[in-house]
Amino acid sequence: MSQWDACYDRTLSPDNLEGELCFAGLDLASTSDLCSLALWFPQSLAFLSWFWLPHDTVYLRHEHARVDYPAWVTGGYITTTPGNVTDYDYIREEILKIVARYALVEIAIDRWNSTQLQTQLIREGLKVIEYGQTPRIMSAPTKELERIVINKKLRHMGDPVTRWCVSNVVLESDHDGNVKPSKERSTEKIDAIISLVMAMGRSMVQAQKPLSIYETRGLLRV
């Protein structure tokens with residue numbers, strides 16, 4: 001965690017990343033859990049995060065997990081959606097407002113529980129990528145994230161929700177030495193890191209290609 005904290009950049013703000021090409025990763029929750037969006041800016045080695053949680057579950061999760069969700073909501077680090085289940089329509093509108101500010105190349109989404117939202121985002125003109133959650137697919141960006149954190153090259157704004165997710169991460173590996181952050185083995189939520197790894201993964205795939213936000217939109221699978 002000391003290495004993570006050392007990457008906090010006081011000069012970083014959402015405003016000074018406008019106009020720079022970025023990649024998005026969206027980790028959707030179950031019906032009443034945390035949802036996370038990360039924007040990765042490969043040129044600056046910086047990222048921004050957003051989180052959503054159903055309003056009526058904030059105190060329930062606080063009591064269950066002993067994590068200070070109410071303080072994060074009050075501090076503006078988590079946005080609550082109406083009701084007691086995840087409101088994907090609300091989150092979609094929030095995502096459209098966010099990405100309108102930035103030069104978004106594409107958005108990677110976990111295949112689980114996201115079909116309707118994928119379709120809606122495509123209709124809004126976004127390039128959507130279904131991103132698998134296997135060690136083979138997630139290994140390269142996971143290792144790259146670890147590398148730039150250790151070398152203190154990552155830039156983040158020090159938000160406490162992401163920091164908490166980092167502290168929860170446990171990796172799993174396969175017989176080929178591929179690794180990924182494991183939701184099953186981690187002690188608590190790691191949504192922020194899953195979103196970031198997906199965004200970084202798509203950035204790495206596109207690194208050798210000319211980048212344009214005007215290329216053909218649609219659904220791709222990886």
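Student: How do the axes of helix 7 and helix 8 cross?
Tutor: They cross at roughly 90° and come within 7 Å. Helix 7 and helix 8 are therefore roughly perpendicular to each other. The cut-off for that word is 65 to 115 degrees; under 35 is roughly parallel, over 145 roughly antiparallel, and the rest oblique. Axes are lines fitted to C-alpha atoms, for helices over the stretch in contact, and angles run from 0 to 180 degrees between N-to-C directions.
Student: Which residues make the contact?
Tutor: T162, C165 and V166 from helix 7, with D191, A192 and I193 from helix 8. Contact means heavy atoms within 4.5 Å. By class, the contact of helix 7 with helix 8 has four nonpolar, one polar and one charged residues. Ala, Val, Leu, Ile, Met, Phe, Trp, Tyr, Cys and Pro count as nonpolar; Asp, Glu, Lys and Arg as charged; the others, Gly among them, as polar.
Student: What is this based on, by the way?
Tutor: This is a predicted model: local features need pLDDT of at least 70, side-chain atom pairs count only at pLDDT 80 or more, and totals for chains, interfaces and linings use all residues. Residues are numbered from 1 along each chain as its sequence is written, and side-chain values use heavy atoms, with hydrogens and water left out.
Student: Next pair. At what angle do helix 6 and helix 8 pack?
Tutor: About 105°, with their axes 8 Å apart. That makes helix 6 roughly perpendicular to helix 8. Helix 6 contributes M138, A140, P141, T142, E144, L145 and I148 to the contact. Helix 8 contributes I193, I194, L196, V197, M198, M200, G201 and M204. The classes there are 12 nonpolar, two polar and one charged.
Student: How many residues does helix 6 have?
Tutor: Helix 6 has 16 residues, 135–150. From first C-alpha to last, helix 6 reaches 21 Å, close to the 22 Å expected at 1.5 Å a residue. The expected span is 1.5 Å times one less than the number of residues. Helices are DSSP runs of H or I with at least four residues, strands are E runs of at least two, and both are numbered from the N terminus.
Student: Which residues of helix 6 are buried?
Tutor: P135, I137, M138, S139, P141, T142, L145, I148 and V149. Buried means under 20% relative accessible area, exposed over 50%, partly exposed in between (1.4 Å probe, protein chains only). Those buried residues pack against several elements, including helix 1, strand 2 and helix 8.
Student: What happens just after helix 6?
Tutor: K152 takes a positive phi of about 60°. Most residues other than glycine have a negative phi. K152 is in the loop between helix 6 and helix 7. At 56% relative accessibility, K152 counts as exposed.
Student: And L45: where is that one found?
Tutor: In the loop between strand 2 and strand 3. Phi of L45 is also positive, near 55°. L45 is partly exposed, at 24% relative accessibility.
Student: New topic. Is L39 buried or exposed?
Tutor: L39 counts as buried because its relative accessibility is 0%. L39 is in strand 2. Beyond four places in sequence, its contacts include F23, F47 and W50. L39 and A199 are 160 residues apart in sequence and 6.7 Å apart in space, C-alpha to C-alpha.
Student: Last one. Where is N178?
Tutor: In the loop between strand 7 and strand 8. N178 is buried, with a relative accessible area of 17%. Among its contacts beyond four places in sequence are P135, R136 and S139.
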